[in-house]
Amino acid sequence: MIIAVALVLGAYLLGSVSSAIIVCRLMGLPDPRTQGSNNPGATNVLRIGGTKAKPAAGITLAGDMLKGVLPMLVAHAFGAAPMTLALVGISAFGGHLFPVFFGFRGGKGVATALGVQFGLYWPIGAVTAGIWLFTAKVLRISSLSALVSMALAPVVVWLFWPEPTLVGMQLVLTGLLFLRHRSNIRKLLRGEEGRIDARAKP
């Protein structure tokens, strides 16, 4: 029980480390919470990063994914039961959405959710990432790619690891991610959502 609690708490604290904010500070870029879409995530860093956009966004993406991957791998190393794995995944994701170190103003969670999936079982992450990449390649809209891939993610989890607790974890992640994308969904319905290659206006 003590190990399980420590794993869950550690996952939340690691998830609370905002890669986008730290990367932007270190690279002399604007605060992503005040520029572009005001979201501290890799896509917004790509928008506001100027000449440093690609490396800054790449580092942010890697950092956000690791926040999901590492807690799950540590939980696996301790032989965690499915319930503990599920709570660890939700905690890491929740830390990204509501980071205690940054006033509980976090990102929308796509990369961290994907990291949780890779950490749970890498084929789950690979298939979900493939769906995201295919959708992004065709439609060039980051939010829509995220929504499509995460909507299908519970099915992917069920196909590779048909454990109800873990499918339930993914349903929670998907539900929270959709809630965080409310404004994007409204823009999509109005045909106003920006494309992946869009840049923030000065």
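Helix H5 is mostly covered, with 12 of its 16 residues buried (buried means under 20% relative accessible area, exposed over 50%, partly exposed in between, with a 1.4 Å probe and protein chains only). The model is predicted, so local features need pLDDT of at least 70 and side-chain atom pairs count only at pLDDT 80 or more, whereas totals for chains, interfaces and linings use all residues. Residues are numbered from 1 along each chain as its sequence is written, and side-chain values use heavy atoms, without hydrogens and water.

Helices are DSSP runs (H or I, at least four residues), numbered from the N terminus. Among the buried residues of H5 are Leu85, Val88, Phe93 and Leu97; their cover includes H1, H4, H6 and H9.

In the largest nonpolar core, which has 26 residues, Leu85 and Leu120 touch the most other members. Such a core is a set of buried Ala, Val, Leu, Ile, Met, Phe, Trp, Tyr and Cys residues joined through side-chain atoms within 4.5 Å. H5 gives this core its largest share, 6 residues. A second, separate core of 9 residues includes Ala20, Val23, Cys24 and Ala57.

| Residue | Contacts |
|---|---|
| Leu120 | Met72, His76, Leu85, Trp161, Leu166 and Met169 |
| Val157 | Ile124, Pro162, Leu166, Val167 and Gln170 |

Val157 lies in helix H8 (residues 142-160) and counts as buried because its relative accessibility is 1%. Gly168 is 11 residues from Val157 in sequence, and their C-alpha atoms are 9.6 Å apart.

Methods: Helices (H or I, at least four residues) and strands (E, at least two) are DSSP runs, numbered from the N terminus. Contact means heavy atoms within 4.5 Å. Lists of a residue's contacts leave out its neighbours within four places in sequence.
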